[in-house]
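Thanks for coming, everyone. I have one structure to walk through today, and I'll keep it quick.

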Amino acid sequence: MNTLNTTIAQDTSVKADTDAPRAESKPLAGKVEEGVTVGTPFADDAKFKLRNVDVFYGDNRAIKDISLDIARNEVIAFIGPSGCGKSTFLRCLNRMNDSIDSCRVTGSLQLDDVDIYDPKRDVVELRARVGMVFQKPNPFPKSIYENVAYGPRIHGLANRKAELDEIVENSLRKAGLWDEVKDRLDATATGMSGGQQQRLCIARAIAVSPEVVLMDEPCSALDPIATAKVEELIAELSESYTIVIVTHSMQQAARVSHRTAYFHLGNLVEVNETSKVFTSPDHELTESYITGRFG
Ligand SMILES: Nc1ncnc2c1ncn2[C@@H]1O[C@H](COP(=O)(O)OP(=O)(O)O)[C@@H](O)[C@H]1O
Ligand SMILES: [Mg+2]
């Protein structure tokens with residue numbers, strides 16, 4: 001992957017102010033320059049091209065001049081302390097923020113070189129192409145079958161019952177759930193375990209053949225075994241989809257992603273290959289976070 005580098009990490013101007021008092025246990029006072037991301041935020045084969053993005057909730061500027069490419073078929077992890085804007089930025093990618101009245105998005109956001117925020121854009125179609133899986137599994141209070149069949153039906157992807165059956169089966173297979181549920185497709189989804197519910201939500205997201213799947217802390221409500229299953233699934237899905245995952249778990253980011261993006265107070269501080277972020281990050285703030293000095 002060819003990338004453009006913006007490297008300021010070695011520049012002394014971004015190092016801590018040594019005159020400032022610094023308690024030993026405190027985070028390093030690494031500075032971040034707005035609109036400047038160290039590492040490799042840009043990619044050759046960009047699925048998303050995001051430039052100078054700001055997001056406001058009323059007067060609160062939650063995202064500050066972020067520019068980033070998300071490459072086709074990569075898994076990119078968004079990490080950073082709570083409240084730094086990971087979910088806000090993720091939601092821009094399929095206009096989930098539209099439903100928040102106070103929210104305003106500026107800058108250029110393109111999916112396959114077409115403006116995501118074009119007022120003429122069909123948002124329902126956008127969300128079919130860019131699906132989403134949330135923190136808490138949220139199946140509809142309907143049968144397992146209906147949960148998966150709903151999207152393909154409203155998007156007119158199946159003309160006959162047999163076609164719909166096939167989409168449901170394939171989606172459940174891809175989500176690693178088919179063998180567990182094939183004999184009880186009519187059972188209500190809310191009776192499943194949390195891990196099964198989350199895999200069902202993934203099956204529901206992929207049933208409409210999206211190109212991108214956004215996941216906002218998809219495992220934070222799951223036990224370790226269910227988490228391992230979902231992580232395995234992400235690895236499999238990454239062969240066919242572009243995946244953006246917000247995670248609180250650095251181990252998870254390290255296990256599932258190709259690149260990792262570190263957010264801090266609305267800024268995108270660093271983007272690099274995941275192995276680099278976790279072994280030799282370019283920015284002091286990233287290092288502070290991954291070594292557990294704050295977060
Ligand atoms: N619906 C909302 N309305 C107003 N402010 C919000 C809303 N969602 C998030 N924010 C604010 O935006 C900032 C970033 O939040 P968020 O994107 O949720 O961060 P993260 O996902 O990294 O924890 C925070 O200051 C938060 O309070
Ligand atoms: Mg969040």
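Predicted model: local features only at pLDDT ≥ 70, side-chain atom pairs only at ≥ 80, totals over all residues.

Residues are numbered from 1 along each chain as its sequence is written, while chains are lettered from A and ligands numbered from 1 in the order in which they are written.

Overall picture. The protein chain has 10 helices and 11 strands. Buried means 20 or more other C-beta atoms within 10 Å of the residue's own; exposed means 12 or fewer; partly exposed is in between; C-beta atoms are placed from the backbone. Now contacts, meaning C-beta atoms, placed from the backbone, within 7 Å. Take those with a separation of 6 or more: 70% of them join residues 24 or more positions apart.

Next, the sheet. Seven strands form an open sheet, in the order β1-β11-β10-β4-β9-β8-β7, with mixed pairing. Strands pair if DSSP finds at least two bridges between them. At the edges sit β1 (38–39) and β7 (130–133), each pairing on one side only. β7 and β8 run parallel, joined by four bridges. There, G131 stands opposite V213 in β8.

Other strands pair too. β2 (residues 46–57) and β5 (residues 103–111) are antiparallel over eight bridges. L50 faces L109 in β5. β5 also pairs with β6 (residues 114–115), antiparallel over two bridges. Here L111 stands opposite V114. Two residues lie between the strands of this hairpin, and D112 takes a positive phi near 50°.

Now helix α7, residues 224–237. It has 14 residues and reaches 20 Å from first C-alpha to last. That is close to the expected 20 Å, which is 1.5 Å times one less than the number of residues. Which residues of α7 are buried? They are T227, V230, L233, I234 and L237. An α-helix has 3.6 residues a turn, so residues three or four places apart point the same way. The face of α7 turned away from the buried side carries exposed P224, I225, A235 and E236. The buried residues pack against β4 (75–79), α6 (194–206), β8 (212–216), β9 (242–246) and α8 (250–256).

On to α3, residues 144–154. Its buried residues are I144, N147, V148, A149, G151 and P152. Their cover includes α4 (161–174), α5 (178–181) and α6. Just after α3, G156 takes a positive phi of about 65°.

One loop residue. F42 lies between β1 and β2. Why does F42 count as buried? Because it has 20 C-beta neighbours inside 10 Å. F42 and N272 are 230 residues apart in sequence, yet 9.8 Å apart in space, C-alpha to C-alpha.

Last, ligand 1. Its shell takes in residues whose C-beta atom, placed from the backbone, lies within 6 Å. Among them are Y57, K86, T88 and S102. Helix α1 (residues 86–92) gives the most, with three residues.

Terms used. Contact = placed C-beta atoms within 7 Å.
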